[in-house]
Amino acid sequence: MKRIFYGALLALMSVSATGQTLSVQPIETQAGTQTELVVKLSGATAMSALQFNLTLPEGMTAGDDVTLGPAANGHTLSVQTLASGDCLFILYSMDLNTFREGELLRIPVNVGSGAQTGEGRLYTVRTASTEAVSQACSEVPFDVTVKAIIPGDVNGDGNVNGADIVAVINYVLADDIAGDVNDDGNVNGADIVAVINYVLNDSGNNARPTLAQSRTARRTS
Ligand SMILES: [Ca+2]
Ligand SMILES: [Ca+2]
């Protein structure tokens, strides 16, 4: 059924001016982690189907667990992986429900350990309305910034200071493995000491694993 619909959608394609716009929020992330790409829709009118390609910067891939937002209105999502970091998204409604304005999709993005800052984009954005008139939006570029990993920066704000000590204490109190700064498999006072040392040493020069690196190591071991 999906292939039939896709074929029908393509057959209806004709480019025309449109007030419908997709937008993507810029992303700030760290290598070796997962982040989220939020796609929003504005100016939606009588559209009931939409498709676009997504390409991500090198070293990043889209995850499977895509969430439909409130702008989707009983729509079904089909995702096809075309190549690494390049996917085709198709949203459609067999009942011809129209989209609303607002958040359309949340797409998890796996940021590889070697990923670097770059530009992603949505392209070949096409829509179909209940009147079976198809339209195309322009290409939608978005920035993905991969921040350098700073040892001891537990809260990921780019600084190593008392706030990171507070952050690791909270992890320890919550017995949250995310606070395993020294990567020994336990979350306890030793991790607090480790962060205090990073702060006292002004971080940076210490080669012990960072929080994000520790998480990556655990996932891949
Ligand atoms: Ca910090
Ligand atoms: Ca630990």
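Q: How are helix 2 and helix 3 oriented to each other, roughly parallel or roughly antiparallel?
A: In this predicted model, the axes of helix 2 (residues 162-173) and helix 3 (residues 189-200) come within 9 Å and cross at roughly 175°. Angles over 145 degrees count as roughly antiparallel. The two helices are therefore roughly antiparallel.

Q: Which residues of helix 3 meet helix 2?
A: Let's start from the helix 2 side, where Gly162, Asp164, Ile165, Val168, Ile169 and Val172 take part in the contact. By class, the contact of helix 2 with helix 3 has eight nonpolar, one polar and two charged residues.

Q: What share of the contacts between residues at least 6 apart in sequence joins residues at least 24 apart?
A: Two residues are in contact if their C-beta atoms lie within 7 Å. Among contacts between residues at least 6 apart in sequence, the share that joins residues at least 24 apart is 71%.

Q: Over how many bridges does strand 7 pair with strand 8?
A: Strand 7 (residues 76-83) pairs with strand 8 in the antiparallel sense, and Leu77 stands opposite Leu91 in strand 8. The two strands form a hairpin with two residues between them, and Gly85 in the turn has a positive phi of about 80°. The number of bridges between strand 7 and strand 8 is seven.

Q: Which residue in strand 8 is the bridge partner of Thr55?
A: Strand 8 (residues 86-92) also pairs with strand 4 (residues 47-55), in the antiparallel sense over six bridges. In strand 8, the partner of Thr55 is Asp86.

Q: Which residues touch the most other members of the largest nonpolar core?
A: This core has 31 residues. Strands that each supply at least two of its residues include strand 3 (34-42), strand 4 and strand 9 (102-111). Leaving aside neighbours within four places in sequence, Val39 is in contact with Leu22, Val24, Leu104, Leu105 and Ile107. The residues that touch the most other members are Val39, Phe52 and Val109.

Q: How many residues does the second, separate core have?
A: Among its members are Val154, Tyr171, Val181 and Val187. The number of residues in this second core is 11.

Key:
Residues are numbered from 1 along each chain as its sequence is written. Chains are lettered from A and ligands numbered from 1 in the order in which they are written. This is a predicted model: local features need pLDDT of at least 70, side-chain atom pairs count only at pLDDT 80 or more; totals for chains, interfaces and linings use all residues. Axes are lines fitted to C-alpha atoms, for helices over the stretch in contact, and angles run from 0 to 180 degrees between N-to-C directions. Helices (H or I, at least four residues) and strands (E, at least two) are DSSP runs, numbered from the N terminus. Angles under 35 degrees count as roughly parallel, over 145 as roughly antiparallel, 65 to 115 as roughly perpendicular and the rest as oblique. Ala, Val, Leu, Ile, Met, Phe, Trp, Tyr, Cys and Pro count as nonpolar, Asp, Glu, Lys and Arg as charged, and the others, Gly among them, as polar. Two strands pair if DSSP finds at least two bridges between them. A nonpolar core is a set of buried Ala, Val, Leu, Ile, Met, Phe, Trp, Tyr and Cys residues joined through C-beta atoms within 7 Å. A residue is buried if 20 or more other C-beta atoms lie within 10 Å of its own, exposed if 12 or fewer, and partly exposed in between; C-beta atoms are placed from the backbone.
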